[in-house]
Amino acid sequence: MRRSKDAALRRARVAALIASAVTTVTVAASGCSGGGQAGDGPAGSSETLAARAPGVHSWTGTPCAPLTGEPLAKGFTVGSTTDSADPDVREDIGEGGARPRYRQTGCLAGLTGPDGASWKLYTTADVYEESAPAHRAYCVKHDLDRVHGRGPERVHETAYAKPVDDQGRPGRALLLWNGDLLLTVTAYGPYGSKAHDVREGLQDLVENTARLVEDALRDRDAPSPVPSTP
């Protein structure tokens, strides 16, 4: 009887250790240093941008293409677009002398709002050769924005938003990490508009655009990478 109790106790301890390890890995894979993202953002933030499993993404020479199909937000139409697609490999500043490589692509789009006013939208996608450097780059940006008081407002576990401004145009930027992709989407309202009046439109634009671009760059034939700690 004694041996049976001892064996059951050992099994319970092993199960507890495994559960603890799984929880630790999950938190490390999604969070960043400096307090993590769980407490970021205002109380009651919606987290409407659904998290997706980390994926493999491909560089594209036509980054504006995903924006010209379905409307990016209710009442908005896309006007002129400009592709920014540099095929050359860049090197990031990594840790311990590492220089991770990535390629960048982006889009500038002019939008017409529901009332006919002019809005602007920018996207920048950095596609890394590995997932871990992309996550580190995301965490560096997240922690810098947090330290300097520029948000961040959590959108989901690996995406956050912050307010921005461009010569009197209120805006909103969203940064997203997914696998080997670091994506930034920034939208600006009309000149002279007030931040509280255009907040809903800005939120819809950056979140819907982030979904479209991430989906368009995702390589359907490649296996998803295992989430890794920075």
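Buried means under 20% relative accessible area, exposed over 50%, and partly exposed in between, with a 1.4 Å probe and protein chains only. Keep those cut-offs at hand for the stops below.

**Before you start**

This is a predicted model: local features need pLDDT of at least 70, side-chain atom pairs count only at pLDDT 80 or more, and totals for chains, interfaces and linings use all residues. Residues are numbered from 1 along each chain as its sequence is written, and side-chain values use heavy atoms, with hydrogens and water left out.

**Whole chain**

Show the cartoon. The protein has 3 helices and 7 strands. From the N terminus, their order is α-β-β-β-α-β-β-β-β-α. Helices (H or I, at least four residues) and strands (E, at least two) are DSSP runs, numbered from the N terminus.

Switch to the surface. Of the 230 residues, 40% count as buried.

Contact means heavy atoms within 4.5 Å. Among contacts with a separation of 6 or more, 65% are between residues 24 or more positions apart.

**Colour by confidence**

pLDDT is the predictor's confidence in each residue, from 0 to 100. The protein averages 81, and 75% of the residues score at least 70. Select residues 2-30 next. This is helix 1, which has the lowest mean pLDDT among the elements, 40. Strand 7 has the highest, 98.

Move on to residues 35-39. Here pLDDT stays under 50, and the model has 11 contacts beyond four places in sequence. Over residues 41-46 the pLDDT is also below 50, with 6 contacts beyond near neighbours in sequence.

**The largest core**

Select Leu111, Leu121, Leu174, Leu183 and Leu205. They have the most contacts inside the largest nonpolar core, which has 30 residues. A nonpolar core is a set of buried Ala, Val, Leu, Ile, Met, Phe, Trp, Tyr and Cys residues joined through side-chain atoms within 4.5 Å. At least two core residues come from each of strand 2 (101-112), strand 3 (118-128), strand 5 (159-166), strand 6 (169-178), strand 7 (181-188) and helix 3 (195-217). Helix 3 gives the largest share, 8 residues.

Zoom in on Leu121. Leaving aside neighbours within four places in sequence, its contacts include Leu67, Leu72, Cys107, Leu111, Val185 and Thr209. Another core, of 11 residues, lies apart from the largest one; among its members are Tyr128, Ala134, Tyr160 and Leu175.

**Rings**

The structure holds 4 aromatic pairs. Rings of Phe, Tyr and Trp (its six-membered ring) pair if their centres lie within 6.5 Å; planes under 30 degrees apart count as stacked, over 60 as edge-to-face and the rest as tilted. Select Tyr122 and Tyr188. They are edge-to-face, 6.0 Å centre to centre, with 85° between the planes. Tyr122 lies in strand 3 and Tyr188 in strand 7, so the pair ties together parts that are 66 residues apart in sequence. Tyr122 is partly exposed, at 32% relative accessible area, whereas Tyr188 is buried, at 12%.

Now pick Arg169. It lies over the face of Tyr191, at 4.3 Å from the ring centre. A charge sits over a ring if NZ of Lys or CZ of Arg is within 6 Å of the ring centre and within 35 degrees of the ring normal.

**Loop stops**

*Pro190.* Find it in the loop between strand 7 and helix 3. Pro190 is buried, at 13% relative accessible area. Beyond four places in sequence, its contacts include Ala117, Trp119, Arg169 and Val198.

*Gln167.* This residue is in the loop between strand 5 and strand 6. Its phi is positive, about 50°, although it is not a glycine. Most residues other than glycine have a negative phi. Gln167 is exposed, with a relative accessible area of 70%.

*Cys64.* Look in the loop between helix 1 and strand 1 (77-91). Cys64 is buried, at 3% relative accessible area. It touches Thr81, Thr82, Asp83, Cys107 and Leu108, not counting residues up to four places away in sequence.

*Glu157.* End in the loop between strand 4 (153-156) and strand 5. Glu157 counts as partly exposed, at 37% relative accessibility. Glu157 and Cys32 are 125 residues apart in sequence, and 9.8 Å apart in space, C-alpha to C-alpha.
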